[in-house]
Amino acid sequence: MTTLSITLFLIVTLLLVGMPVAYVFGVGAVSFVLLTGKSMSYLVPHAFWQLGSFALLSLPLFIIAGALMGASGISDRLVRFVNAFVGPIRGGLGSVTIVTCALFGAIAGSGASAIAAIGSIMIPKMVDQGYPRGYATALVGCSSVLALLIPPSVPMIIFALTSGVSVAAAFLSTILPGVTIALIYCLINYLFVRNRQGMRVEEKISLPERRRVIAGASKEASWALLMPVIMLGGIYGGIFTPTEAAAVALVYTLPVGFLIYKGLTFQSAATAIIKGAISTGSIIAMIFFLFVMSRVMIMEQVPQQLSDFLIGLSDNPVVILLLINLILIGIGMLVDDVSGSILASIILMPVALDLGVHPIHFAAIVGTNLGLGNITPPCAPLLYMAGSVGKSAFHEYLKPTLRFILLGHLPVVLAVTFISDLALLLPRWVMGIE
């Protein structure tokens, strides 16, 4: 435990000084191995063997497919689709932002991608309609977390692969929490704007015209909305595995982007593929080093020692689960969602299992907590990215962010932690998970 504490302190310090995350975990893994006196000659081949997992192939395929869809102009069509339904309602533009982030997450699977694609469109629109810039920025930043919870989610893929649980079940575990957060955010947004002076809404049109607008927007967005339906329907219908679904998504993206939406060019496609490859390389490097580190942890019985330590603090499972939540939020504040998923699976999952928490239930706990950490100051990587995209100062979006966190996200985190059915209902219904 002392060696682990030293290694984690080193990792946190390097993260805070700005070293790239992949290198941070490389330094951490090597330091941990040296401090424990183990041999890299055994650990490195073992880690490479783990990287050969067929399921891991889904990661680059999903990332590149999401990058290509993001470059094809899908975000504009999703915005128009959602706006056609709720645009004329007072405060509807805020709800459009929330729902579009969730839909974009079902395609790209990344919170950062949702901020870049949706935030750049919706923040100026909301400001034009009278929303305070800080509020609009906070809404995009907090809603981007939905991209981590609505499948296919890259962090859930990583968590499932490193913890040995079903990828499909991990996907299902975060759907209800994600939808619940989205509904609460829409309610908070409505209560904020309903009596606010200076808010503008779209001009109301006749019902037949509204139907034509909805039909046109639905037709434009149908190809984008069909992508997650094909992927998830194929996975849960037993037609193909998550890895095969990722390959289908990539193949589907190319004709849609080039021939139907015509937003893709050879240059933009090449740029998207390169960005996806860079992201994949960084993630694979992190996974490799954490595979090395996790193997040493198992050999040194670190997870069991950590479990004994937490149980020694209290024999009340509620208290221990709250401590796990605090640790997960702290991890989410310090590192990105992918790194946090790996750390949670190798360090905290054994503790949760000792408490009798179902592995799929723990996947939902990890997903909701890491999402909360990603938008919780003072670190909050996704929140700061939203501030950059929205050109808003920290003090402008801090108060509305705290409102969404305390009234929207945190209650769902606690509900997921202590009401297991919120995470297990869909896996049991769709997959027969016990």
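Buried means under 20% relative accessible area, exposed over 50%, and partly exposed in between, with a 1.4 Å probe and protein chains only. The model is predicted, so local features need pLDDT of at least 70 and side-chain atom pairs count only at pLDDT 80 or more, while totals for chains, interfaces and linings use all residues. Residues are numbered from 1 along each chain as its sequence is written, and side-chain values use heavy atoms, with hydrogens and water left out.

**View 1. Salt bridge between arginine 428 and aspartate 421.** A salt bridge is a side-chain nitrogen of Lys or Arg within 4 Å of a carboxyl oxygen of Asp or Glu. By this rule there are 2 salt bridges. In this one, the N to O distance is 3.0 Å. Arginine 428 is partly exposed at 37% relative accessible area, and aspartate 421 is partly exposed at 43%.

**View 2. Salt bridge between arginine 80 and glutamate 220.** The closest N and O atoms are 3.0 Å apart. Arginine 80 lies in helix α5 (residues 74–86) and glutamate 220 in helix α13, so the pair ties together parts that are 140 residues apart in sequence. Helices (H or I, at least four residues) and strands (E, at least two) are DSSP runs, numbered from the N terminus. Arginine 80 is partly exposed at 41%, and glutamate 220 is partly exposed at 37%.

**View 3. Nonpolar patch on the surface.** The patch consists of Trp223, Leu226, Val229, Leu259 and Ile260, with about 460 Å² of accessible area together. Accessible areas come from the Shrake-Rupley method with a 1.4 Å probe; for residues, only the protein chains shown count as cover. Patches are made of residues with over 30% relative accessible area and no salt bridge, joining like charges within 9 Å and nonpolar side chains (Val, Leu, Ile, Met, Phe, Trp, Tyr) within 5 Å. Helices α13 (207–236) and α14 (242–260) each supply at least two of the residues, and α13 gives the most, with 3. Tryptophan 223 is in α13 and is partly exposed at 36%.

View 4. The whole structure has 0 disulfides, a disulfide being a pair of cysteine sulfur atoms within 2.5 Å. The sulfur closest to that of cysteine 101 belongs to cysteine 142, and at 10 Å it is too far for a bond. Cysteine 101 is buried at 0%, and cysteine 186 is buried at 19%.
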